[in-house]
Each structure stands twice: as C-alpha cells, then as structure tokens.
Amino acid sequence: MTASLEEVAYKLAAGGKGILAADESSSTIKRRFDAIGVESTFENRRDYREMLFRSEAMSQYISGVILFDETIRQNAKDGTPLVKLIEDAGSIPGIKVDLGARPQPGCPGETITEGLDGLGERFKEYYDLGARFAKWRAVIDIGSHIPSYTSVLANAQALARYAALAQAANIVPIVEPEVLMDGDHDIDRCYEVTEWVLKEVFQQLFYARVKLESTVLKPNMVIAGKKSQKQASVTEVAEKTVRLLKNTAPAAIPSVAFLSGGQSDEEATAHLDAMIRLGGLPWNLTFSYGRALQAAPQKAWSGKTENIAAGQAAFTHRAKMNYLAALGQWTPEIEAKKAA
Ligand code: 5MM
C-alpha cells in the first residue's frame with residue numbers, strides 16, 4: 001500500500017530516526033573529497049554513498065535519505081539501484097530538486113534559489129525513480145544590511161511554489177530556509193532574522209495553499225555566527241530555538257528536521273538533545289544533517305576499500321548519537337565511552 005503524504009511527512013521524524021542529507025551537488029562533494037584526498041569521480045561518489053547506504057545505521061537510525069540527481073539514477077557496484085538499498089533498509093528515498101542559490105539581481109551579497117521552471121515534469125520523473133519526499137534550500141546570509149525584504153520574500157515565494165508543486169506530484173516537500181551561521185553576529189541577531197524568515201515562509205506557504213500536515217520544515221538552529229566573540233551555551237541555543245519555533249512553526253507541521261549548518265558533530269547532537277529535554281513540543285524534532293553525519297565517515301573511509309568497515313562504523317556511531325539525541329537520551333558520557 002502506498003503511504004499517504006501525511007504518513008511520509010510524519011515518518012521522517014518519528015521514533016528518534018532522522019534524515020541523512022547526502023544531496024551534495026557536484027561542486028560540494030568535490031570539496032568534501034578534496035579534503036580527504038579523494039578524486040571526485042562517478043565511481044568514487046558511488047562507492048562512498050554505497051558504503052553509507054549499506055551501513056547498519058540505515059535500518060536503525062535513518063528515516064530517509066536526500067539524494068542528488070546523479071545518485072538517484074546510480075546503481076551499486078553489483079548493479080542494485082542505490083534507491084533500492086535505501087528502501088530495503090526501510091528508509092525513504094528523497095531528492096534535492098533546487099538547482100542552487102545564485103546571486104540575486106539588485107540585492108548585493110544575497111542569493112535566490114533557482115529551479116522552478118519545468119519542476120512539475122521533473123517531479124513526475126523523480127516519483128517514478130522512487131523519491132517520496134524532496135528538498136529545496138533557500139540561503140539567507142546575515143550582514144549589517146542584509147537580509148533585505150526583497151530577498152526574504154523572493155526566497156519564501158520560491159519555497160512555497162516548490163512545495164505546492166511537490167504535493168501536487170504526491171511528494172512530501174522539505175522546506176529548508178537556511179539562515180547561515182557564517183558571520184560574526186550574535187545569537188539574538190540570528191533569532192531576529194530567522195523569526196522574520198520563518199514568518200514569511202509560512203505566510204507564503206499559506207498563499208500557495210500548501211498543506212502543512214504533509215510538509216517537513218528543515219530550519220537552522222538559533223545560534224551565534226561562527227566568527228562571533230559571544231558564543232551561546234547549549235542551553236541557550238536549545239531554549240531560543242524552541243521559543244522561536246513555537247512562535248513561527250504551526251503545530252500542524254508533523255516534523256521539524258534541523259540542518260547542522262557547520263556546527264561540530266557533537267554540538268549538533270548536544271543541541272538537539274537539549275531541545276528534546278525541554279519537553280512540551282508540538283512537533284517531532286529530529287536531525288537532517290549533512291556535514292554533522294558525514295564528516296566522520298568521510299575521514300575514516302578516505303577513499304580506501306579496506307576502510308569501508310571503519311567508515312560504516314563511524315557513520316553508524318554518529319547516526320546513533322543523533323538518534324539518542326532525538327529521543328532526549330544522549331549524554332556526553334555516552335559519546336565519550338564510544339570514543340574511548
Ligand atoms: C549535504 O549538503 C546539502 C547540499 O548542499 P549543496 O547543494 O550546496 O551541494 C545541503 O543542502 C544540506 O542538505 C543542508 O544544508 C544541511 O546540511 P548541513 O551540512 O548544514 O547539515
């Protein structure tokens with residue numbers, strides 16, 4: 001029986017499981033591979049992702065995987081479609097459908113995410129290839145004079161048009177408005193901008209007649225910029241993020257799955273855990289991490305066949321830590337035990 005959109009949206013963040021964001025576009029995966037001294041070839045990208053999708057983490061901790069266009073069409077070394085490996089592990093295949101953020105005319109330092117033209121047709125093909133959810137990422141940077149309303153509005157409208165097209169194609173949209181943590185702003189400036197962005201996003205989702213019950217929100221946490229002198233504690237990040245979400249994300253949304261945004265692996269886990277421990281949340285909160293799930297396995301693997309087991313162990317460990325966090329059961333001691 002085919003799961004309804006509501007069921008898929010709910011399942012993506014249920015029971016502590018979370019999403020693996022493995023949708024790095026060609027230029028991003030090249031950067032990641034450069035860092036571990038691996039050439040970014042078709043085969044190496046396949047081998048790396050096959051390693052992840054065949055790991056123990058998949059059936060236990062990963063509810064869904066966001067794929068890039070190349071990966072959803074790719075077969076494992078033995079000819080099995082990578083999508084089938086994900087399905088066989090009981091996880092849901094998803095697809096990144098935006099075509100990336102490009103400079104926005106008239107708005108220096110800001111971007112608009114492209115990819116709406118022909119998206120309805122592309123959705124039909126992705127559904128046939130096995131995708132049951134999709135992702136579109138808007139990128140909002142914080143600076144002294146940005147973001148501008150022009151950019152916030154254009155990005156929110158694009159997210160809403162994408163989400164409506166996804167639901168029309170029987171695919172659950174993950175709506176990802178990422179406020180970057182690259183600058184030197186403090187946590188309160190991040191709060192202010194993220195609140196504005198989420199208010200606009202939900203207004204535009206309403207105008208576009210997007211069904212919230214069949215939508216997943218993928219937000220950034222409320223956190224100080226990486227270059228800020230004033231870093232916030234885990235408790236402050238958790239409290240401010242939950243307060244912000246309660247003020248902006250309707251309870252009709254079944255699942256909220258955070259991006260990691262450049263936090264360290266352990267920070268991303270600790271923040272999620274602290275939010276769950278606050279209790280009284282109207283949505284399921286979980287992870288949809290890219291870097292915070294993959295940095296460790298990439299390093300452990302380093303492109304060598306003999307390191308596949310180590311890469312899988314590193315991925316399974318990170319996924320398990322985040323699963324425990326999504327249940328509010330992670331502790332620094334559990335983390336340290338494994339490391340020891
Ligand atoms: C995995 O990275 C995703 C794709 O990035 P590009 O399109 O720039 O190649 C990215 O969209 C990702 O899904 C989210 O930003 C979350 O990833 P992080 O690393 O922030 O958890």
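Colleague: Leaving aside neighbours within four places in sequence, which residues is isoleucine 308 in contact with?
Modeller: Isoleucine 308 is in contact with Met51 and Trp301, once its neighbours within four places in sequence are left aside. Two residues are in contact if their C-beta atoms, placed from the backbone, lie within 7 Å. Please note that this is a predicted model, in which local features need pLDDT of at least 70 and side-chain atom pairs count only at pLDDT 80 or more, while totals for chains, interfaces and linings use all residues. Residues are numbered from 1 along each chain as its sequence is written.

Colleague: Where is isoleucine 308 found?
Modeller: Isoleucine 308 is found in helix H13. Helices (H or I, at least four residues) and strands (E, at least two) are DSSP runs, numbered from the N terminus. The C-alpha atoms of isoleucine 308 and tyrosine 48 are 8.6 Å apart in space, although 260 residues separate the two in sequence.

Colleague: And why does isoleucine 308 count as partly exposed?
Modeller: Isoleucine 308 counts as partly exposed because it has 18 C-beta neighbours inside 10 Å. A residue is buried if 20 or more other C-beta atoms lie within 10 Å of its own, exposed if 12 or fewer, and partly exposed in between, with C-beta atoms placed from the backbone.

Colleague: At what angle do H12 and H13 pack?
Modeller: Helix H12 (residues 291-301) and helix H13 (residues 308-326) pack at about 165 degrees, and their axes are 7 Å apart. Axes are lines fitted to C-alpha atoms, for helices over the stretch in contact, and angles run from 0 to 180 degrees between N-to-C directions. H12 and H13 are therefore roughly antiparallel to each other. Angles under 35 degrees count as roughly parallel, over 145 as roughly antiparallel, 65 to 115 as roughly perpendicular and the rest as oblique.

Colleague: Which residues in H12 and H13 meet?
Modeller: On the H12 side they are Leu293, Ala296, Pro297, Ala300 and Trp301, and in H13 these meet Ile308, Ala310, Gly311, Ala314, Phe315, Arg318, Ala319 and Asn322. The residues of this contact of H12 with H13 divide into 10 nonpolar, two polar and one charged. Here Ala, Val, Leu, Ile, Met, Phe, Trp, Tyr, Cys and Pro count as nonpolar, Asp, Glu, Lys and Arg as charged, and the others, Gly among them, as polar.

Colleague: What lies in the loop between H12 and H13?
Modeller: Serine 302 is one of the residues found in that loop between H12 and H13. Phi of serine 302 is near 50 degrees, a positive value in a residue other than glycine. Most residues other than glycine have a negative phi, and most peptide bonds are trans.

Colleague: What is phi of arginine 209?
Modeller: Phi of arginine 209 is near 65 degrees, again a positive value in a residue other than glycine. Arginine 209 lies in the loop between helix H9 (187-207) and strand E8 (216-217). Arginine 209 is exposed, because 10 other C-beta atoms lie within 10 Å.

Colleague: Which peptide bond is cis?
Modeller: The bond from isoleucine 146 to proline 147 is cis, with omega near 10 degrees. Proline 147 is found in the loop between strand E6 (133-140) and helix H8 (149-168).

Colleague: Changing topic, how many residues does the largest nonpolar core have?
Modeller: The largest nonpolar core has 99 residues, and those with the most contacts inside it are Leu12, Phe133, Ala134, Leu159, Ile223 and Leu272. A nonpolar core is a set of buried Ala, Val, Leu, Ile, Met, Phe, Trp, Tyr and Cys residues joined through C-beta atoms within 7 Å.

Colleague: What does leucine 272 touch, not counting residues up to four places away in sequence?
Modeller: Leucine 272 touches Phe258, Leu285, Phe287, Asn322, Ala325 and Ala326, not counting residues up to four places away in sequence. Leucine 272 is found in helix H11, and it is buried, with 32 other C-beta atoms within 10 Å. Its C-alpha atom is separated by 9.5 Å from that of leucine 324, which is 52 residues away along the chain.

Colleague: How far apart are the axes of H10 and H11?
Modeller: The axes of helix H10 (residues 234-248) and helix H11 (residues 265-278) are 8 Å apart, and the two helices pack at an angle of about 60 degrees. H10 and H11 are therefore oblique to each other.
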